[in-house]
Every structure is written in structure tokens, then in C-alpha cells.
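I opened the model to look up a few local features. My entries follow, one topic at a time.

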Amino acid sequence: MVQSSVLNLHESVPRETLLEVAISASRKAGTLLLKYAETGFRIEYKAPINLVTDADRAAEQCVIDHIRTSFPTHRFLAEERGHVEEGQSPYLWIIDPLDGTTNFAHGYPVYCVSIGLEYEGRCVLGVVFDPSRNELFTAMEHQGAQLNGRSLHVSKAVTLDSSLLVTGFAYDIRETPRNNLDHFVKFALKAQGLRRTGSAALDLCYVAAGRFDGFWEVRLNPWDMAAGAVIVREAGGRLTDFNGKDLSIYGQELVASNGQIHEAMLAVLAQEAP
Ligand code: IPD
Ligand code: CA
Ligand code: CA
């Protein structure tokens, strides 16, 4: 018993093996989501506008089972379970099995499986799979980011005037004064264009791919950000909170950009509402 916990503390798996397992888990869960989209699913409400489907739950189980088969000692933080599992492994998988649930439930094909991995508290790997477009975003610390195996880089936009930005709103938009509508109005008047896609993990990947120049949101959860944050960082982007401090995925606030427009975004976020 003592011996196995000592072993767990020192376990070290080759990064390539971790990536392979995360990729196969994301593809398996993505295929499952497409099957549910085709054949139907049940919807339950966690709150008036916050829904969950049996596809969310099945995809989460699928990802965890798949990873656990390869790495039985690793820990998990997954949206539908919501707590960090006990244990001593330095590896923590952070999973959003279906990011974009509202889109999914409406048949709007903008959703993904998001799998991030922390090692000793540092995000070291991210995999995001969009099954509708067969787009697989991947990144490992110090090894760059890829889309379907091709290198990814953030955009070169230098002004908000020439930037396409994206944001999102949390499910408690009706209850909290920190509902992001003030920032939305300010950016709508500053950016070339502004979008709300409904999938924070894909928003991050699209910043990494240069499709968006910047993304901000308040009240996000770690599973929304874990994988996408590594992907943006490895594609050359910058990630902070609203004060310009390095991003913590446990901190709720996120600003992700190509780096060039980051200060301009922070300045807008610091302004009083118009
Ligand atoms: C939501 C999406 C959305 C964001 C919300 C998230 P879910 O995640 O990422 O874009 O604006 O804050 O909760 O519920 O679809 O996994
Ligand atoms: Ca999510
Ligand atoms: Ca989700």
C-alpha cells in the first residue's frame, strides 16, 4: 500500500502516450455525441436556462473510462461529476465532455469534447475535438499547437478596429450583475466584429488558429478553459485575467488573444460601462 502510493507520486508517463490516449478518448466521445445528435437524447434542466443531456453524461463516462483504462491511478475533474477525485497522482485530467450543450440541444453543430491535463498543477496538454467538422486541436507544453496535425499560429491583428472578437455568457446571466453585458456593449463599439459561438473551448481554439483575434469571458469553469488554454499558449497567444495577471483556470476570468491586441482588450475591460 505504502509502496504503491510512493510509486504514484513519482509516476511519469511519456507525453506522447498521454496525447495519444487523450486524442482517442476525444474521438470516441465525439463519435458518441454525433450518434446522440442523430438518434435523439433526453434533456434535463440544472437551472432555467442551464440544461444537460444524456449525451453529456455518456460522453463524460466514455472519456473517463477510456483514460482510466490506460492510467488507472490518474485523477479526474469532469463537469458532470464536478469535484476533483481523491488520490496522489500528479496527473489531473480536466474534462468538458460536451462544451456547447445548448448548441447541441438545438441541433446547432458548434460543440466539442475538451480534455486538458495538469501535471503537478501545471496545464501541460490540451485536446479539443469538434466532431461536426472533424477538427482536432492539440497541444503539448513546449511543443506547439496543431489542427489536424498542422501547426497553428495566432493572428497578426494589431488593433481592435481590425479584430474579430468572441465572448460568451454564463448561465446565471439573469441573476448576476457580473453578466458581461457591459463589456459586450463596449467591445461591440470597438471591434471590427463580435461573435458569441456558445462553446468556450472552441473559442479558445479559434484564437489559436487565428480565426478570432481575441476572446474574453467571465464566470468560466476550469473544464471550459483547461485544454484550450494550452492550445492558445502553444500557438503563441497570451492568456490572462482581466488585470493582466497570468491565467488561472480556477479564476473564472479569461482574456485570450494573439498577444498584439491584449493590452487594448484589457484597457476596454477596465473602462466604466458607457
Ligand atoms: C458553456 C459554453 C459557453 C460559455 C458558458 C459555458 P457548456 O459550456 O462554453 O460558450 O459561454 O459560460 O458554460 O455548458 O456548453 O459546457
Ligand atoms: Ca463548458
Ligand atoms: Ca459541458
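**Arg238**

I looked up Arg238 and found it partly exposed, at a relative accessible area of 28%. My cut-offs: buried is under 20% relative accessible area, exposed is over 50%, and partly exposed lies in between, with a 1.4 Å probe and protein chains only. This is a predicted model, where local features need pLDDT of at least 70, side-chain atom pairs count only at pLDDT 80 or more, and totals for chains, interfaces and linings use all residues. Residues are numbered from 1 along each chain as its sequence is written, chains are lettered from A and ligands numbered from 1 in the order in which they are written, and side-chain values use heavy atoms, with hydrogens and water left out.

Arg238 sits in strand β13 (residues 238-240). Helices (H or I, at least four residues) and strands (E, at least two) are DSSP runs, numbered from the N terminus. I then listed the contacts of Arg238, setting aside neighbours within four places in sequence: Val232, Gly244, Val255, Ala256, Ser257, Gly259, His262, Glu263 and Leu266. Contact means heavy atoms within 4.5 Å. I also checked Val207 against Arg238: they are 31 residues apart in sequence and 9.9 Å apart in space, C-alpha to C-alpha.

**Helix α6**

Val207 took me to α6, where it is one of the buried residues. Helix α6 covers residues 200-208, and nine of its nine residues are buried. Among them are Asp203, Cys205 and Tyr206. Just after α6, Gly210 has a positive phi of about 80°.

**Positive phi outside glycine**

Glu120 is not a glycine, yet its phi is positive, about 50°. Glu120 lies in the loop between β5 (112-119) and β6 (122-130). Its relative accessibility is 56%, so Glu120 counts as exposed. Arg219, also a residue other than glycine, has a phi near 65°. Arg219 lies in the loop between β12 (214-217) and α7 (222-234). At 28% relative accessibility, Arg219 counts as partly exposed.

**Calcium sites**

Which residues coordinate the calcium ion (ligand 3)? I found Glu79 (OE), Asp96 (OD) and Leu98 (O), at 2.1 to 2.4 Å. Donors are N, O and S atoms within 2.8 Å of the metal (3.2 Å for Na, K and Ca); water is not among the atoms, so sites may look incomplete. The spacing of these donors along the chain is E-x16-D-x1-L.

The calcium ion (ligand 2) is coordinated by Asp96 (OD), Asp99 (OD) and Asp224 (OD), at 2.1 to 2.2 Å. Here the donors follow D-x2-D-x124-D. Asp96 bridges ligand 2 and ligand 3, and the two calcium ions lie 3.8 Å apart. I checked burial as well: Asp96 and Leu98 are both buried, and Asp99 is buried too.

**α2 against α3**

Last, I took the pair α2 (residues 15-39) and α3 (residues 54-70). Their axes come within 9 Å and cross at roughly 155°. Axes are lines fitted to C-alpha atoms, for helices over the stretch in contact, and angles run from 0 to 180 degrees between N-to-C directions. That makes α2 roughly antiparallel to α3; angles over 145 degrees count as roughly antiparallel, under 35 as roughly parallel, 65 to 115 as roughly perpendicular and the rest as oblique.

Residues of α2 in the contact include Val21, Lys28 and Tyr36, and those of α3 include Asp54, Cys62 and Ser70.
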